[in-house]
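Subject: Structure handover

Hi,

Here is the structure for you to look over. My notes on it follow below.

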Amino acid sequence: MDTKSVEAENGSEFKAHMFSSSSELLQKLQEKWSSVKKKPYPAMYSSIFGGIILDPAMMVIPIDDHMVHRGHGVFDTAIILNGYLYELDVHLDRFLRSAVSARISSPFPRSTLRSILVQLTAASQCKKGTLRFWLTAGPGDFLLSPAGCPTSAFYAVVIDDDFSQCKEGVKVITSSIPMKPRLFATVKNVNYLPNVLAKMEAEDKGASASIWIDEDGYVAEGPNVNVAFITHDKELVLPFFDKILSGCTAKRLLELAPKLVEQGRLKSVKTANLTVDEAKGAAEMMYVGSTLPLLAITVWDEQPIGDGNVGELTMALSDLLWEDMVAGPETQRHCVSYDQ
């Protein structure tokens, strides 16, 4: 008997279990988490349920939510560090700009969204991790248009994550996966298939991640991070944000980096177009992202960046960002009241 015949025979013998009640299904879902010692997701909020959920077995999204089957949703992420939410307002503002571009109206005003996110973090008791939140066209049907969705939906989850300041360098490649066009690249939406494929392509080649090059031949961004460069003239250069996502951490880096200019360690700080040759010829190169906050790139397409080591200025900039995350001003950090 050939393989296809065996597969067909086995498939015909398989009988799918039918759950007789919601209580039986809930028991099955809870069994999955019963052996997990530490919950990776200590709390979730769902506007569909109308509250905060602490049982990970119930942290679900309706299958007919248009974010699930049509990708009609936007999201953002803030970090939780030492009991503080870092740059919550910056991320929330970008989140709402993305929602406008995606033509998704929020079920709540901004102040309520913010209050929910703070309350959710407090309920989670998580002091270090990430807070991820979504606005979607909402559940309603499986059609293309969201016209049949009664209301949009807001979801958020706290992810317990032990991250630390990155101090090692990584290898990257130039991605062969086409980057998103401007409209979609500048909106933080849930359509991440190109990002996923770019990351997988890099991993297949033994690299950490990849770099996208735009249609004009200029360096764009990584699959979920911005990139930055130190030239041999000690200039900090980030690509323009006109065709890529406007990174919150990247923008904060541009605000903090002038401190090194004042100290005479950097010559200038700017955004500009960089060709691949100019970028590969830089003295230092780095990824910029929320939980990194900087990650040195020491090899690109098997070619060393600078001397192939983690650069001194990269670490100086990383220290600036990390200090801002740990002990920055109240405008950047919101203290969570976990006792309420």
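Start with threonine 130. Setting aside neighbours within four places in sequence, threonine 130 is in contact with Thr77, Ala78, Ile79, Ile80, Val157, Val158, Ile159 and Thr291. Keep in mind that this is a predicted model. Threonine 130 sits in strand β5. Its relative accessibility is 8%, under the 20% cut-off, so threonine 130 counts as buried.

Now the sheet around it. β5 belongs to an open sheet of seven strands, in the order β2-β1-β6-β5-β3-β4-β15. The pairing is antiparallel. The edges are β2 (51-53) and β15 (333-335). Each has a single partner strand, so one side of each has no neighbour in the sheet. On average, neighbouring strands are turned by 25° against each other, direction ignored. At the β2 end, three bridges join β2 to β1 (residues 43-46). There, serine 46 stands opposite glycine 51.

The axes of α4 (residues 88-101) and α5 (residues 110-124) come within 11 Å and cross at roughly 130°. The two are therefore oblique to each other. The crossing is right-handed. From α4, the contact takes in Leu88, Asp89, Leu92, Asp93 and Leu96. From α5, it takes in Arg110, Leu113, Arg114, Leu117 and Val118. By class, that contact has six nonpolar residues, four charged and no polar ones.

Last, look at β13 (residues 294-300). How many of its residues are buried? Seven of seven, so the strand is mostly covered. Its pairings are these:

- β7 (residues 170-174) runs parallel to β13, with three bridges. Valine 172 has tryptophan 300 as its bridge partner.
- β12 (residues 284-288) runs antiparallel to β13, also with three bridges. Methionine 286 is partnered with alanine 296. A hairpin of five residues joins the two strands.
- β14 (residues 303-304) runs antiparallel to β13, with two bridges. Tryptophan 300 has glutamine 303 as its bridge partner there. The hairpin has two residues between the strands, and aspartate 301 takes a positive phi near 50°.

Best wishes

Conventions. Residues are numbered from 1 along each chain as its sequence is written. This is a predicted model: local features need pLDDT of at least 70, side-chain atom pairs count only at pLDDT 80 or more; totals for chains, interfaces and linings use all residues. Side-chain values use heavy atoms; hydrogens and water are left out. Axes are lines fitted to C-alpha atoms, for helices over the stretch in contact, and angles run from 0 to 180 degrees between N-to-C directions. Helices (H or I, at least four residues) and strands (E, at least two) are DSSP runs, numbered from the N terminus. Angles under 35 degrees count as roughly parallel, over 145 as roughly antiparallel, 65 to 115 as roughly perpendicular and the rest as oblique. A crossing is left-handed if the near helix is turned anticlockwise from the far one by less than a right angle, and right-handed if clockwise. Contact means heavy atoms within 4.5 Å. Ala, Val, Leu, Ile, Met, Phe, Trp, Tyr, Cys and Pro count as nonpolar, Asp, Glu, Lys and Arg as charged, and the others, Gly among them, as polar. Two strands pair if DSSP finds at least two bridges between them. Buried means under 20% relative accessible area, exposed over 50%, partly exposed in between (1.4 Å probe, protein chains only).
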